[in-house]
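Here are my notebook entries from an afternoon of looking things up. Follow along with the structure open.

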Amino acid sequence: MTGGPYTFETDNQYLQHPNPFAEAQRLRDEGGSLTEAALALEAAVQGTESANANAWRQLGEVQAENEKESAAVRALERALELDDNCLPAYVPLAVSLVNEGHDRQAYATLERWLRQRYPDLLIADGAAMAMDVRERVIDSFLIAARSSDGVTRDMDPDVQVGLGILFYGGGEYEKAIDCFVSALESRPEDYLLWNRLGATLANSGKSEEAIAAYHRALDIKPTFVRARYNLGVSCVNIGCHREAVEHLLGALAMHNNKQSTVNVSASLWETLRRSFYMMDRADLAELAQPGADLDKFRGEFDF
Amino acid sequence: MPASANDIFKQIATGLEALPQEKRKALVSKTKSVFVFDVKTSSGQEKRTLNLKKDAGSFSEGAAEKPEITIAIAEPDFVALAEGKQNGQKLFMGGKLKIKGNMMLAMKLDGILKELKPQSKL
C-alpha cells in the first residue's frame with residue numbers, strides 16, 4: 001500500500017541466535033530495549049517465522065513504540081498480507097498511517113478491522129451513499145459500539161480506540177479525548193493508550209496535560225521511546241527547548257544507533273534539529289543528522 | 001508565559017529549516033503559493049512572507065509584493081490558530097481572520113502550519 005518491502009538491519013547479532021522469536025518475547029515481557037526486541041524479531045521473520053503474521057505484527061508494534069514509523073507500517077502491512085485475520089495488527093497500522101498523514105488509508109484499515117471483528121454487524125453501504133469516508137466509518141463504529149453495549153453491558157475498548165483515532169484524524173480532539181479516557185477506564189495500565197491520550201491533548205493545545213499523560217506512559221514502560229519523543233515535542237511547544245533536547249537525545253541514546261543503522265527515526269532527528277534552531281544553535285543543528293555520534297552533545301546536555 | 005506572534009514566526013521559520021530537503025520540496029510542490037501574514041499586535045502590524053512557491057521555500061520579514069493570499073489576523077487568534085486551539089475556518093466564519101486573494105488557499109493553512117510544527121504521535 002504505502003511502504004513496499006521491509007528493510008532489515010544488516011548488522012544483527014540475533015541472526016546467529018538459536019531462537020530469536022522466543023528471545024524477542026522474553027525482551028518484550030521483561031520491558032527490555034525496544035531496539036534489541038526489534039532486532040530479535042527481524043531475525044525471526046528472516047528465519048523460521050517468515051510466514052508468521054503474528055511475528056510481523058509484533059515487529060510492527062515494537063518499531064512504532066521505538067518511534068520508527070515507516071518500518072512499523074511496512075511490518076504491519078506484511079502481517080495483514082500474510083493473514084487478514086490477524087486482528088491485533090489493524091489498530092496499530094491505522095495509528096501509524098494517521099501519524100504519517102495517510103488518513104484515508106487509516107480509515108479504510110479501521111473499516112476492514114471492524115468487518116473482521118464484527119462479521120455479523122449490519123453496516124450501511126456508505127460507499128453507495130457517497131458519504132465522506134471518515135464519517136461513514138465513524139457511523140459503522142457507532143453501530144458497533146451500541147451493539148456491543150447491548151450484549152456485554154461493557155463497550156469494547158478496541159471500538160473506543162478506533163473511534164478515538166477517527167475523531168483525532170478529523171481534528172475532533174475533544175471527542176477523541178473522551179474515547180481514550182473511557183478506554184483507559186478498562187485498561188489503566190495500557191501505556192499505548194496513555195500516549196495516545198497525550199498526543200491528542202498536545203494537538204489540541206493542552207501541552208501541560210499531555211506531559212502528565214506521557215509521564216504515566218513512561219512510568220509503566222520506561223523504554224517507551226515514542227512517549228519520550230512526544231515529551232520532547234510538547235517541551236518544544238511550550239518553549240522549554242533545553243528539556244526538549246534532553247528528552248530527544250535520551251530517546252536517541254536508547255536506539256543505540258550505529259553508523260550502519262538502516263531504520264532511523266526521521267521524526268526524532270528532525271525535532272532535535274528544530275529544537276537546536278529554536279535555541280539559536282545552528283552549529284548543533286547541523287551536527288544532528290542520522291548516524292551522528294551522540295557523545296558530541298554530552299558536554300552540554302544531560303541525557 | 002503565553003506565546004507571542006514572534007514565537008510563532010520563529011516556530012514557522014525553524015520548522016521550515018528543520019524539514020529534510022525532500023519534505024520541504026514536497027510541501028512547496030503541493031502548495032505552490034506565497035502567503036503573507038499580517039498580524040495585528042499591541043505594538044503595530046507585523047508582516048511576514050511564507051514563500052512556498054518554488055525551490056525549497058522561505059520565510060522572511062515584510063510582505064511580498066504579489067502574494068496569492070494575505071491573511072490578516074490579531075495576535076491572540078494567530079497564536080491560537082498555530083497552537084491548534086482554533087481552526088482557520090472557525091476564525092474566518094467569526095470574522096476574526098480576513099483573507100485577501102485566493103480563498104481556497106486559506107483551507108490549506110491549518111495543514112501547512114501543522115506540518116511546520118513538530119508532530120505528536122498517537
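**Ground rules.** I am reading a predicted model, where local features need pLDDT of at least 70, side-chain atom pairs count only at pLDDT 80 or more, and totals for chains, interfaces and linings use all residues. Residues are numbered from 1 along each chain as its sequence is written, chains are lettered from A and ligands numbered from 1 in the order written, and side-chain values use heavy atoms, without hydrogens and water.

**Entry 1, chain A.** I looked up helix α6 (residues 103-117) and helix α8 (residues 157-169) of chain A, which pack at about 160 degrees with axes 11 Å apart. Helices here are DSSP runs of H or I with at least four residues, and strands are runs of E with at least two, numbered from the N terminus. Axes are lines fitted to C-alpha atoms over the stretch in contact, and angles run from 0 to 180 degrees between N-to-C directions. α6(A) and α8(A) are therefore roughly antiparallel (over 145 degrees; under 35 is roughly parallel, 65 to 115 roughly perpendicular, the rest oblique). Among the residues that meet are Tyr107(A) and Trp113(A) in α6(A), and Ile165(A) and Leu166(A) in α8(A) (contact means heavy atoms within 4.5 Å).

Which way do β1(B) and β4(B) run, parallel or antiparallel? They run parallel, joined by 6 bridges (pairing needs at least two DSSP bridges). Val39(B) stands opposite Ile73(B) in β4(B). β4(B) and β5(B) run antiparallel, with 5 bridges.
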